[in-house]
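Student: I have this model open on my screen and would like to go through it with you. Shall we take it step by step?

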Amino acid sequence: MAEYDLPDNLIYNETDEWARVEGKRVLVGVTDYAQQQLGDVVFVELPDPGTSVEKGDPFGVIESVKAVSDLYAPVSGEVVDVNRDLADHPEQVNEDCYGDGWMIAIAPGDASELEGRMDSAAYAKHCEERKE
Amino acid sequence: MSELQRTPLYEQHRSLGARMVPFGGFEMPVQYTSILDEHAAVRERAGLFDVSHMGQIHFAGPAAVETVERLVTCPVASLRPGRVRYGLLCNEAGGVVDDVTVYRLAEDRLFLCVNASNIAKDRAWIESHSPAEAGVVDRSSETGLLALQGPESAAILAKLADGDAAGVRRFRFAEMAVGGRPALVSRTGYTGSDGYELYVAAEDVVPLWGALLDAGGETLSPAGLGARDTLRLEAALPLYGHELDDDTTPLEARLERFVKLERGGFLGAEALARRAAEGPRRLLVGFALDERGIARADYPLAAEGREVGRVTSGAPSPSLGRSIGLGYVPPALADVGTRLEVIIRNRAVAASVVETPFVPPARGPSATRVQEG
C-alpha cells in the first residue's frame with residue numbers, strides 16, 4: 001500500500017485523528033492513514049457547536065461505503081466550529097484530510113492534555129505496526 | 001475460525017493494491033482503488049471480478065436430473081442443455097439452505113454454482129439427498145470463476161473468444177476457448193448489468209485474468225467485493241446470510257417466481273405450499289432513506305415508533321446518490337410508499353418502501369421475454 005502523508009506539525013491519536021493547535025482552538029480531523037483505510041467516505045456525522053467533548057470519547061461518526069467508525073476527541077473542551085461542507089461533500093475527507101476535510105474545532109478546557117502526545121514519527125510507527 | 005483460503009489470483013490482487021478481507025472463508029479483494037469508482041466502471045464500462053471462491057457441485061449419471069429436480073425449487077427436467085436457471089435449495093421446513101444457479105451441461109450432466117460460505121454445508125446436504133447414480137462431485141477447488149460485467153463486456157470478450165460469445169443470450173451458456181483456454185461462457189451475473197461469468201480450470205484463471213485485463217485496457221477495471229455488493233444491492237439481488245438463511249423462506253424473500261409450487265416434489269415443497277396458503281409472516285422490502293444517513297445490516301426498522309423488523313443489507317447507492325436497503329417487515333407494511341424509519345444510532349431516520357430493483361437492470365439480449373429463472 002502507498003505511503004501515508006503525516007505532517008510534522010500535528011498531534012496524533014492512536015485512533016487515527018489528528019489535532020492542530022491554532023491559537024486558542026484545536027482543529028481536528030482524521031489522518032491520511034484513516035482515510036486510506038476507510039476508502040470512499042460517504043457520510044460524516046458531527047456534533048453541533050456548543051457541544052462538550054471529552055478526550056478519548058466519541059464526538060462523531062465517519063462512514064465509508066462498507067464501514068462505520070467512531071471519531072474520538074483528542075482533547076476535552078467545547079466544540080466551537082464544525083465543518084458544515086462535509087455534509088454535502090464528505091469526499092473532501094479523502095481528497096484533503098488535513099485541509100478541507102477538517103471536522104471540528106475544539107476550545108480545550110486544559111491545553112496541557114495535548115502535551116506528550118504522539119508526533120508524526122511515533123504515529124508513523126503506530127501505522128506500520130498495524131500493517132499485515 | 002479455520003484458516004482462510006485463497007483463490008489462485010491472490011498474488012494478482014495484492015500486486016494491484018487490493019485491500020483483502022475475509023469473505024465466505026476466503027481472503028478476497030474488497031476494493032482495488034475505490035468502491036465508488038469500481039461500481040461506476042461496471043455500470044458505465046466494464047469490471048472484472050475474481051469470484052473463484054464460489055463453489056461448483058457437479059452431477060453426472062442416470063439419476064442426475066431427477067436428483068437436482070428434487071433438490072432445487074426451479075424446474076430442472078425442462079431446462080435444456082446450454083441454459084441456466086436460478087433456484088433455491090430448501091430444507092424440509094422451507095428455509096433456504098442456499099441460493100444457486102443450475103447449469104444443464106448435457107442430458108445427464110448438470111452443475112450447481114453455490115455460495116462460497118455454503119460449500120461445505122451444501123455438499124453435505126446434497127450428498128445426504130443424492131443416490132450414487134447422481135454422480136455428485138464437488139469441483140469447487142479445481143474451478144476458477146471470473147465475472148466480466150458491464151456494458152462493454154461483450155466487446156471485450158469478443159477479442160479473446162474463439163466462438164460467438166456476443167451471441168450467447170441471457171441465462172444461456174456455451175463452451176468455447178477464451179484466450180486459447182477452454183471456458184464455459186455464461187451470460188449471467190450478480191450486478192444488474194450485462195455481462196458474463198467465465199468458468200475455467202483453476203490453473204487457467206490467472207492467465208485468463210491477465211488476458212482480459214490486457215484486452216479490456218482502459219475500458220476494464222478490476223473490481224472487488226465492495227462494488228459487487230453495492231451493484232447487487234441496487235439490483236435487489238439477495239445475498240445469502242443477509243436476505244436468505246436457513247430460517248427464511250423464498251416466499252418471504254419474494255422469490256416465489258423461482259419456486260414452482262405447482263410442480264412440487266422438491267425438498268421443502270410441502271412446507272412452502274403450507275406457508276403460501278397461510279400467507280407470509282414477513283416480507284422483504286426495498287427502502288430508500290428520505291434523510292441523510294446510511295442503513296446497515298441489523299439496524300432496526302420501525303414504523304410509527306415501534307420496531308417492526310431489521311435491515312438485512314444497506315448502502316449508499318452510487319448510481320442513485322441516496323441510501324437504499326433491504327429488510328424484512330410485516331406484510332401490512334410492505335406496500336410501496338409505506339413510511340418506515342431506520343434506527344441509526346438510536347435516531348429514527350425516515351425511509352420509504354420503494355420499487356425494486358432500485359436501479360433498472362440493463363442486461364444482455366434475452367432469449368425470450370420470460371426466461372428469467
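Student: How many salt bridges are there between chain B and chain A?
Tutor: This is a predicted model, where local features need pLDDT of at least 70, side-chain atom pairs count only at pLDDT 80 or more, and totals for chains, interfaces and linings use all residues. Residues are numbered from 1 along each chain as written, chains are lettered from A in the order written, and side-chain values use heavy atoms, without hydrogens or water. A salt bridge is a side-chain nitrogen of Lys or Arg within 4 Å of a carboxyl oxygen of Asp or Glu. Between chain B and chain A, the count is five.

Student: Which residue forms a salt bridge with Glu63(A)?
Tutor: Look across to chain B for the partner. The closest N and O atoms are 3.0 Å apart, and the residue is Arg345(B).

Student: What area is buried between chain B and chain A?
Tutor: Buried area is the accessible area (1.4 Å probe) that two parts lose on being put together, summed over both. Carbon and sulfur atoms give 48% of it here. The total is about 1600 Å².

Student: How many residues does each chain bring to the contact?
Tutor: Contact means heavy atoms within 4.5 Å. By that rule, the contact takes 19 residues from chain B and, from chain A, 18 residues.
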